[in-house]
Amino acid sequence: MSFNPHNFLILVVDDITRNLQVLADMLEQVGYEVTFATNGQQALERAKLAEPDLILLDLMMPIMNGLEVCHKLKADEKLCEIPVIFITASEEREHLLEAFNQGAVDYITKPFYPPELLARVRVHLELKYTKDELKKTAATLEKLAITDPLTGIFNRRYLMSIAEKEYQGAINYKRLFSIVMLDIDHFKKINDTYGHIVGDQVLKTMTKEVHSFLRKGDSFGRFGGEEFAIILPEADRKTALKIAERLREAIATLSIPVSNSNSHSNLEIKITISLGVTTYSFDDEKLDEMWIRADNALYKAKSKGRNQVCS
Ligand code: GH3
Ligand code: MG
Ligand code: MG
Ligand code: MG
């Protein structure tokens, strides 16, 4: 990015108004937005309200000194990422070390050389900006790594890892859980009749519908193609079967509106799904046994005529 001071708000804290004035003038002159506080308590309140990008903090102040303010900022989940630069007349090395121990990013002694202060402010703002951008990128990548791109639900790998966690929980804490596998019936026909794009629309709508029926702790993922799985924590066999049956019915009664670009018309497609349900059993020695049982149950639902739940 090209550095633009106008994009940054700096909170300046000093108990002496004259000092505030000098700092504020200097910062505003190069384009920064500036806000003030004249004591520690006010500084914490301003920081919370204004969410500054950086804090220039006086060390020696009555009632609450800068070190305490810094300590409180770093202990606050919402404020701890704001870089703090101390500005002080103190030349005591202990103060300097304590400032860094409390989480300061820099320490400037008075009288300061204004261009140096501006240079340090800029460096720390740029670092903070880069750090924030990296965090955003990391969050996006993390999301991408666990998401199925077409439907937006979990991908296979992530769903398997959730199942593994549930399985460990079942072993260690005797917590039951169930797995539901589901597969769209005769989906190939939809692709063959209406084309892949319509097929994709059907996959997306079906996914949304199923999602809306699940509880908060349930996890829904795409296994590949038109095959999906759901992990139901703390669901015994009876509960899991009930949920699966509810899903089957919801999908069977759903009309999926799709636009067909071939005929320039709007269609409503009906689909059904088959579901295989299995619940953790204390005899299970491996999670794989559950996946195999769920798969077999799904196969049974298919061979018994589809649009049904088997276990
Ligand atoms: P069954 O009832 O036995 O499950 O029959 P089916 O036709 O649903 O199953 P089959 O496994 O024969 O075909 C699955 C089809 O799903 C074939 C494939 O082209 C289609 N498919 C897989 N992934 C996608 C996708 O991402 N988008 C679309 N549109 N189709 C997909
Ligand atoms: Mg002071
Ligand atoms: Mg299918
Ligand atoms: Mg399939």
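Visitor: Helix axes are lines fitted to C-alpha atoms over the stretch in contact, with angles from 0 to 180 degrees between N-to-C directions. At what angle do helix α2 and helix α3 pack?

Guide: This is a predicted model, where local features need pLDDT of at least 70 and side-chain atom pairs 80 or more, while totals for chains, interfaces and linings use all residues. Residues count from 1 along each chain as written, with chains lettered from A and ligands numbered from 1 in written order. Helices (DSSP H or I runs of at least four residues; strands are E runs of at least two) are numbered from the N terminus. Helix α2 (residues 40–50) and helix α3 (residues 66–75) have axes 9 Å apart and pack at an angle of about 30°.

Visitor: How is α2 oriented relative to α3?

Guide: Their angle is about 30°. Under 35 degrees is roughly parallel, over 145 roughly antiparallel, 65 to 115 roughly perpendicular and the rest oblique. Therefore α2 and α3 are roughly parallel.

Visitor: Which residues of α3 does α2 meet?

Guide: Contact requires C-beta atoms, placed from the backbone, within 7 Å. From α2 come Gly40, Ala43, Leu44 and Ala47. Their partners in α3 are Glu68, Val69, Lys72 and Leu73.

Visitor: And how is α8 oriented relative to α9?

Guide: Helix α8 (residues 196–213) and helix α9 (residues 237–252) have axes 10 Å apart. They pack at about 140°. So α8 relative to α9 is oblique.

Visitor: Which residues of α9 make the contact with α8?

Guide: On the α8 side are Met206, Glu209, Val210 and Phe213. Facing them from α9 are Arg246, Leu247, Ala250 and Ile251.

How values were computed:
Two residues are in contact if their C-beta atoms, placed from the backbone, lie within 7 Å.
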